[in-house]
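Please read them with the model open.

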Amino acid sequence: MNPSTARNCCGYCRATSYHRVLARDDAGVMRYTEALRCTGCGREYANLQVWRQGDTQDATTPPVATAN
Ligand SMILES: [Zn+2]
(Lines give C-alpha, C1' and ligand atoms only; values in the text may rest on other atoms or scores of the structure.)
Protein backbone atom coordinates (compact mmCIF):
# COMPACT_ATOMS: atom_id res chain seq x y z
CA MET A 1 0.00 0.00 0.00
CA ASN A 2 1.37 3.36 -0.97
CA PRO A 3 -0.26 6.02 1.16
CA SER A 4 0.63 8.76 -1.29
CA THR A 5 -1.44 7.12 -4.03
CA ALA A 6 -5.12 7.96 -3.97
CA ARG A 7 -7.26 4.86 -3.68
CA ASN A 8 -9.98 4.65 -6.25
CA CYS A 9 -12.31 2.66 -4.07
CA CYS A 10 -14.84 3.20 -1.32
CA GLY A 11 -13.08 4.03 1.92
CA TYR A 12 -15.95 2.45 3.82
CA CYS A 13 -16.53 -0.90 2.08
CA ARG A 14 -13.70 -1.00 -0.51
CA ALA A 15 -16.07 -1.33 -3.44
CA THR A 16 -14.49 -0.06 -6.64
CA SER A 17 -17.62 1.17 -8.40
CA TYR A 18 -20.41 3.65 -7.77
CA HIS A 19 -23.41 5.21 -9.41
CA ARG A 20 -23.53 8.91 -10.12
CA VAL A 21 -26.57 10.57 -8.62
CA LEU A 22 -29.02 12.18 -10.99
CA ALA A 23 -30.74 15.41 -10.06
CA ARG A 24 -33.19 17.63 -11.88
CA ASP A 25 -31.82 21.07 -12.73
CA ASP A 26 -33.67 24.38 -13.04
CA ALA A 27 -34.77 23.53 -16.56
CA GLY A 28 -36.24 20.21 -15.44
CA VAL A 29 -33.48 18.23 -17.11
CA MET A 30 -32.01 15.24 -15.31
CA ARG A 31 -28.27 15.71 -14.96
CA TYR A 32 -25.50 13.91 -13.15
CA THR A 33 -24.29 15.71 -10.04
CA GLU A 34 -21.06 15.44 -8.06
CA ALA A 35 -22.87 13.20 -5.62
CA LEU A 36 -22.59 9.44 -5.97
CA ARG A 37 -23.92 6.28 -4.42
CA CYS A 38 -21.56 3.40 -3.66
CA THR A 39 -22.52 0.08 -5.25
CA GLY A 40 -21.01 -1.81 -2.32
CA CYS A 41 -22.44 -0.19 0.81
CA GLY A 42 -25.20 1.85 -0.79
CA ARG A 43 -24.14 4.96 1.10
CA GLU A 44 -24.47 8.29 -0.64
CA TYR A 45 -21.47 10.59 -0.81
CA ALA A 46 -21.22 14.25 -1.70
CA ASN A 47 -18.39 13.70 -4.16
CA LEU A 48 -15.67 11.29 -5.25
CA GLN A 49 -13.20 12.48 -2.63
CA VAL A 50 -15.60 11.76 0.20
CA TRP A 51 -16.34 8.33 -1.29
CA ARG A 52 -12.63 7.48 -1.25
CA GLN A 53 -12.43 8.58 2.37
CA GLY A 54 -15.48 6.50 3.21
CA ASP A 55 -16.94 9.13 5.44
CA THR A 56 -19.95 11.27 4.76
CA GLN A 57 -18.66 13.71 7.36
CA ASP A 58 -15.81 15.31 5.44
CA ALA A 59 -13.77 16.50 8.41
CA THR A 60 -10.27 16.37 6.94
CA THR A 61 -10.87 18.80 4.10
CA PRO A 62 -11.50 22.43 4.99
CA PRO A 63 -14.76 23.73 3.56
CA VAL A 64 -14.46 25.49 0.24
CA ALA A 65 -15.99 28.91 0.11
CA THR A 66 -18.92 28.91 -2.27
CA ALA A 67 -20.78 31.87 -3.66
CA ASN A 68 -24.47 31.56 -2.98
ZN1 LIG B 1 -19.02 1.64 -0.19
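This is a predicted model: local features need pLDDT of at least 70, side-chain atom pairs count only at pLDDT 80 or more; totals for chains, interfaces and linings use all residues.

1. Segment before β1. Arg-14 sits in the segment before β1, which spans 18-24. Strands (E, at least two residues) and helices (H or I, at least four) are DSSP runs, numbered from the N terminus. Arg-14 is not a glycine, yet its phi is positive, at about 70°. Is Arg-14 buried or exposed? Arg-14 is exposed, because 12 other C-beta atoms lie within 10 Å. The cut-offs are these: buried means 20 or more other C-beta atoms within 10 Å of the residue's own, exposed means 12 or fewer, and partly exposed is in between, with C-beta atoms placed from the backbone.

2. Residues are numbered from 1 along each chain as its sequence is written.

3. Overall layout. The protein has three strands and one helix. From the N terminus on, the order is β-β-β-α. Of the 68 residues in the protein, 10% are buried. Take the contacts between residues at least 6 apart in sequence: 33% of them join residues at least 24 apart. A contact here means that two C-beta atoms, placed from the backbone, lie within 7 Å.

4. The sheet. The three strands form an open sheet in the order β1-β2-β3, with antiparallel pairing. Its edge strands are β1 and β3 (44-45), each pairing on one side only. Strands count as paired if DSSP finds at least two bridges between them.

5. β1 with β2. How many bridges join β1 and β2? There are six, in the antiparallel sense, and β2 covers residues 30-38. Ala-23 has Arg-31 of β2 as its bridge partner. His-19 stands opposite Arg-37, also in β2. The two strands make a hairpin with five residues between them. Gly-28, in that turn, has a positive phi of about 80°.

6. β2 with β3. This antiparallel pairing runs over two bridges. Leu-36 has Tyr-45 in β3 as its bridge partner. Here, too, there is a hairpin, with five residues between β2 and β3. Gly-42 is in the turn and has a positive phi of about 75°.

7. Glu-44. This residue lies in strand β3. Glu-44 counts as partly exposed because it has 15 other C-beta atoms within 10 Å. Leaving out residues up to four places away in sequence, Glu-44 touches Val-21, Ala-35 and Arg-37. Gly-54 is 10 residues from Glu-44 in sequence and 9.9 Å away, C-alpha to C-alpha.

8. The core. Which residues make up the largest nonpolar core? There are seven: Cys-10, Tyr-18, Leu-36, Cys-38, Tyr-45, Val-50 and Trp-51. β2 and α1 (48-53) are the elements that give two or more residues to this core. By definition, a nonpolar core is a set of buried Ala, Val, Leu, Ile, Met, Phe, Trp, Tyr and Cys residues joined through C-beta atoms within 7 Å.

9. Cys-38. Not counting residues up to four places away in sequence, Cys-38 touches Cys-10, Cys-13, Ala-15, Tyr-18, Arg-43, Tyr-45 and Trp-51. Cys-38 is also one of the core residues.

10. Ala-15. This residue is in the segment before β1. Ala-15 is partly exposed because it has 16 C-beta neighbours inside 10 Å. Ala-15 and Cys-38 are 23 residues apart in sequence and 7.3 Å apart in space, C-alpha to C-alpha. Beyond four places in sequence, Ala-15 touches Cys-9, Cys-10, Cys-38, Thr-39, Gly-40 and Cys-41.

11. Ser-17. Ser-17 also has its place in the segment before β1. Why is Ser-17 classed as exposed? It has 11 other C-beta atoms within 10 Å, so Ser-17 falls in that class. In sequence, Ser-17 and Arg-37 are 20 residues apart; in space they are 9.0 Å apart, C-alpha to C-alpha.
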